[in-house]
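Good morning, and thank you for making time for this presentation. Please look at the model on the screen while I go through its strands, its cores and its aromatic rings.

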Amino acid sequence: MSLFICPLCQSPLQPAADTWRCDGSLHPKQTAHPFDVARQGYVNLLPVQQKKSKAPGDSQQSIEARKRFLQAGHYQPLNDLICQKMTMLLTAKKAKLNQKDQSINWLDIGCGEGYYTQAMAQTGMDTLIAADISKPAVVELAKSSKALGRLWYQQYKDSATKATTIYPLVTSAANLPLRAHSMTGISSIFSPILPEAFNAVLGDEGYLLIAKPDRRHLATMREALFDSVREHDSDKFLDELAPYFQLLETHYVSTHLSLSAEELADLMTMTPYAYRARSDKRQALLAEVAIKPFETEANFVIYILQKTAAQ
Ligand SMILES: C[S@@+](CC[C@H](N)C(=O)[O-])C[C@H]1O[C@@H](n2cnc3c(N)ncnc32)[C@H](O)[C@@H]1O
């Protein structure tokens, strides 16, 4: 059974190497809809009527800045902890599923250009759906997945080593083109959290892994950029998740950053609130850093939740 549904009529949607097609079975006129695979290897499943702006999600500029910053390894401790926790969750899940011959399907929502997603692909799932509303982000992710031979149409059924298959999709978290109850887990790394939509696509006892900035995250940067600094309220969203999910674990990770002017500029560009700072404050901070590295602390929190039995 296909994991995907048509974003226009919700009929089953079949992946292929060139064009994905729905079977139109749920369309009033039985119309089948085609979705072409882009040459970079992604599929756009965000119909124009679901777009709230011309270019939704992160811009090319912020994606490039994030890519440079993350590739330099500044948030490696967070990436390591995410992967360690996912490996533990998936190992336990596999042991349970062994008898049933079911596959492990994971959704990384708001995957961006895929720094965390590519690491997650090594934690033991069968299928990894990398979804973001930003087309430039998904283009980047598809290009790197293709270079690594991880795209769904690059995998061969008779291959001796079974690797994780990646499906890069342009889509909105609010209208996920995924069959109900088809996902083993969902990750949202600094990305939107939609309790009802996540609940609908997760299977029984499905996992939700959320990463967020914690209190005092990049505090010295925020103090330099703004007259008054509002603290990150890390766990407010847990109340909204409570009808569907129980919190299993909370983990904290911190890392000291010593940044050059270029690295700080990238960090400000990839961080939405810093990007909104007054231009004179940004320039003053960058001028200061031209003389000596900028010191700050990144503080993150990871929540692991599980869908409750009643759902
Ligand atoms: C802060 S970035 C995080 C990207 C990536 N997870 C990371 O940590 O490197 C948030 C991402 O969520 C995406 N996004 C925002 N609203 C979205 C929505 N409604 N559906 C899907 N993705 C969305 C943005 O385009 C952006 O790539």
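Predicted model: local features only at pLDDT ≥ 70, side-chain atom pairs only at ≥ 80, totals over all residues.

I begin with strand E9, which pairs with strand E10 (residues 202-213) in the parallel sense over six bridges. Two strands are taken to pair if DSSP finds at least two bridges between them. The strands (E, at least two residues) and the helices (H or I, at least four) are DSSP runs, numbered from the N terminus. Residues are numbered from 1 along each chain as its sequence is written, and side-chain values use heavy atoms, with hydrogens and water left out.

How many residues of strand E9 are buried? Seven of the seven residues of this strand (residues 183-189) are buried, so E9 is largely enclosed by the rest of the structure. Buried here means under 20% relative accessible area, exposed means over 50%, and partly exposed lies in between, with a 1.4 Å probe and protein chains only.

Glu 205, found in E10, has a phi near 60°, a positive value in a residue other than glycine. Glu 205 is partly exposed, at a relative accessible area of 36%. A positive phi near 60° also occurs at Gln 30, again a residue other than glycine. Gln 30 is placed in the loop between E3 and E4, and it counts as exposed at 51% relative accessibility. For context, most residues other than glycine have a negative phi.

Strand E2 (residues 12-14) pairs with E3 in the antiparallel sense over two bridges, and Gln 14 stands opposite Arg 21 in E3.

I turn now to the nonpolar cores. A nonpolar core is a set of buried Ala, Val, Leu, Ile, Met, Phe, Trp, Tyr and Cys residues joined through side-chain atoms within 4.5 Å. The largest has 47 residues, and those touching the most other members include Tyr 75, Ile 82, Trp 106 and Met 221. Helix H2 (residues 76-97) gives the most to this core, with seven residues. Apart from it lies another core, of 38 residues, among them Cys 22, Leu 169, Phe 237 and Val 301.

Leu 169 belongs to strand E8 (residues 165-170) and is buried, with a relative accessible area of 1%. Leaving aside residues up to four places away in sequence, its contacts (heavy atoms within 4.5 Å) include Phe 4, Trp 20, Val 43 and Pro 177.

Finally, the aromatic rings. A search of the whole structure finds twelve aromatic pairs. Rings of Phe, Tyr and Trp (its six-membered ring) pair if their centres lie within 6.5 Å; planes under 30 degrees apart count as stacked, over 60 as edge-to-face and the rest as tilted. The ring centres of Trp 20 and Trp 152 are 5.3 Å apart with planes at 85°, so this pair is edge-to-face. The pair links distant parts of the chain, 132 residues apart: Trp 20 is in strand E3 (residues 19-22), and Trp 152 is in the loop between helix H4 (135-147) and E8. Both tryptophans, Trp 20 and Trp 152, are buried.

Tyr 115 and Tyr 116 are also edge-to-face, because their ring centres are 4.9 Å apart and their planes are at 80°. Together with Phe 69, Tyr 75, Phe 190 and Phe 300, Tyr 115 and Tyr 116 form one aromatic cluster.
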